[in-house]
Amino acid sequence: MSQSRNQRCLEPGLSVLVGTADAAGMPSCCRGIAISTADDLQTITVYVPVATSHETIQNVGVTRRVAVTVTHPRDNFATQFKGSAVEARLAREDEAPFVRARLDAFADVLDRIGVPRRVTRGVAHWPAFAVTLRVDQTFEQTPGPNAGRPIA
Amino acid sequence: MKVRVSDIRRCFQGVVPSMVATADGRGVPNVVYVSQVYFVDDRHVALSCQFFSKTRRNLDENPVACAEVMDPITLQAYRLKLKFLRSERSGPLFDTMSLRIDAIASHTGMAGVFKLIAADVFEVLSADLVEGYLMDAPVDAPAGASLDGLRTEVRGLQWVSDRINRATSLESLLGGVLEALEEYFTFSHTSVLLHDEANHRLTTLASRGYGRSGIGAEVGIGEGLIGTVARERRLLRLSSLDADLRYGRAIRRAAADGSRMLQEEIPLPGLPDAQSVLAIPLTVGDRLIGVIAAEDRDPMRFNEWHEAYLEVLANQIALGIDRMIERCDEPADTSPAIDAPAPLPAKPAAPRSRRRLTYYKHDDAIFVDDEYLIRNIPARILWKVLGESTRTGRTEFSNREMRIDPSLGLPPVKDNFESRLILLRHRLQEKCPDLQIVSTGRGRFALRADAVIEMSER
């Protein structure tokens with residue numbers, strides 16, 4: 001994946017979606033608040049609010065399979081990462097400012113397209129679980145005929 | 001907490017994109033945004049299939065999904081567990097979903113590229129409020145029409161009927177209808193476009209609430225939001241125009257490398273920052289009369305109640321317009337028209353201005369002092385009466401003599417003569433106010449020139 005695409009996937013102001021499935025194949029989804037990486041997207045850590053991610057965390061514990069889609073709301077530029085969870089833990093207090101800053105940046109972006117900041121900031125975000133996955137595959141997810149194609 | 005799908009219908013207006021997760025046959029999840037989850041009934045929803053995506057392939061292997069939808073006012077999220085039932089490639093649900101996509105596609109120059117392949121119908125296995133999603137409990141907002149609103153709108157219907165019945169000209173009818181929509185429905189940005197069967201286009205004949213009237217603006221059948229409504233003869237309500245257009249433009253960018261030629265984007269009529277649009281076809285039987293459109297900056301401005309109510313109103317308006325056009329076919333009379341403007345006041349003797357009008361044969365258009373004035377049939381009408389006036393000094397004309405002149409190219413039936421005169425009158429008011437077309441009685445009009453007119457043809 002190109003360096004510029006990597007950067008766009010990690011910018012503030014992204015929407016983050018998390019998909020999982022249980023052992024029987026029934027899918028589940030929840031909104032994430034932030035993603036980060038320490039190794040150029042070889043692994044990513046996605047933060048999901050404790051309040052809304054019970055099913056997600058349960059599924060991760062059973063199947064370890066996770067899909068994460070990050071989208072720029074202003075132009076729908078989107079990328080999906082799929083992989084296996086290597087860790088799921090409660091986010092540390094020292095990660096709270098990062099998570100909060102990402103929510104604020106997302107609120108700023110939505111505010112520019114008509115959703116008031118106060119509404120977005122009212123979304124639960126902390127405490128959060130931090131789920132780290134090893135990225136096995138990356139896909140183009142920008143709407144259009146190429147959506148779903150693997151990115152080398 | 002379980003909820004009834006019909007109790008969260010605001011979530012299905014497409015204002016906030018929804019997410020959908022599926023899993024393939026091996027249990028590998030996939031999660032994406034969808035532009036809209038469509039409400040079908042209390043036990044069913046539908047998703048639009050626009051591309052043969054991973055979501056679609058997963059459903060073939062493992063026919064279950066999870067969707068998270070969001071209330072656009074409170075941002076409360078709801079999670080739906082779904083079982084895929086079938087793909088519909090025709091029928092009322094397909095047509096409704098397709099209209100919205102076609103309109104956005106046409107508006108973003110993506111007609112034929114960005115289209116609905118199928119309406120994928122799901123059974124709702126469960127619908128739950130996502131507990132703890134918001135830090136504070138959402139403040140609910142009214143979803144439908146209040147009794148007071150109902151009373152106001154019934155009065156509005158009576159008022160519109162009355163205005164239609166009493167209108168003495170097409171112009172007063174259209175003006176009265178738009179005034180009523182503002183007074184009784186608080187729709188402050190509205191327009192009416194009439195269908196011209198001669199050139200298969202819609203022409204704006206009346207508008208309200210815009211800085212520039214836009215009268216004379218045209219759109220082809222099938223072009224943009226309004227043209228799509230006209231072609232499909234179906235009402236269109238868009239609640240998140242900006243989001244839909246961003247989505248359409250994203251697809252346009254993604255498709256730009258393809259071999260197909262993409263059309264230029266058609267500018268939105270009226271408000272440049274409209275967030276919601278309601279466009280209603282005006283039809284009599286199968287015949288298209290025109291389209292009435294309302295816009296607003298509030299993405300939630302128009303709801304299902306307006307949709308149902310205005311369809312009734314649109315039928316009346318269409319019949320009223322049709323009747324008025326029929327009446328214009330009747331013989332001219334000699335009595336003064338009730339709504340004819342007062343004669344122009346005599347002006348003190350002063351040097352008269354000069355106006356240079358040029359008719360460009362190749363473009364069938366008239367320019368005034370090098371600025372575009374009008375084209376097609378209204379241009380030919382103006383050129384005829386100007387020429388006649390110059391040659392003979394006549395200033396009074398009848399609709400009938402225009403109709404029988406083959407050089408004007410009016411259709412033999414339903415020629416919309418009055419609407420062409422309205423258009424001409426408004427364009428003259430805007431671009432050449434010292435040349436006027438005034439009504440002097442039913443089926444009669446006069447040319448009033450307060451300037452020296454120089455005519456030339458190229």
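## Aromatic pairs

Ring pairs join B:Phe185, B:Phe187 and B:Phe302 into a cluster. Rings of Phe, Tyr and Trp (its six-membered ring) pair if their centres lie within 6.5 Å; planes under 30 degrees apart count as stacked, over 60 as edge-to-face and the rest as tilted. The model is predicted: local features need pLDDT of at least 70, and side-chain atom pairs count only at pLDDT 80 or more. Residues are numbered from 1 along each chain, chains are lettered from A, and side-chain values use heavy atoms.

Over all chains, the count comes to ten aromatic pairs. One of them is A:Tyr47 with A:Phe98: the ring centres are 5.9 Å apart and the planes are at 65°, so the pair is edge-to-face. The pair links distant parts of chain A, 51 residues apart. A:Tyr47 is in strand β4 (residues 43-49) and A:Phe98 in helix α3 (residues 96-112). Helices (H or I, at least four residues) and strands (E, at least two) are DSSP runs, numbered from the N terminus.

A:Tyr47 is buried, at 4% relative accessible area. A:Phe98 is partly exposed, at 26%. Buried means under 20%, exposed over 50%, partly exposed in between (1.4 Å probe, protein chains only).

## A tilted pair in chain B

The rings of B:Phe12 and B:Phe39 have centres 6.0 Å apart and planes at 40°, so this pair is tilted. B:Phe12 lies in the segment before β1 (18-23), and B:Phe39 in strand β3 (residues 37-41). B:Phe12 is buried, at 5% relative accessible area.

## Charges over rings

A:Arg8 lies over the face of A:Phe77, 4.5 Å from the ring centre. The charged end of A:Lys82 sits over the ring of A:Phe139, at 5.0 Å from its centre. The rule asks for NZ of Lys or CZ of Arg within 6 Å of the ring centre and within 35 degrees of the ring normal.
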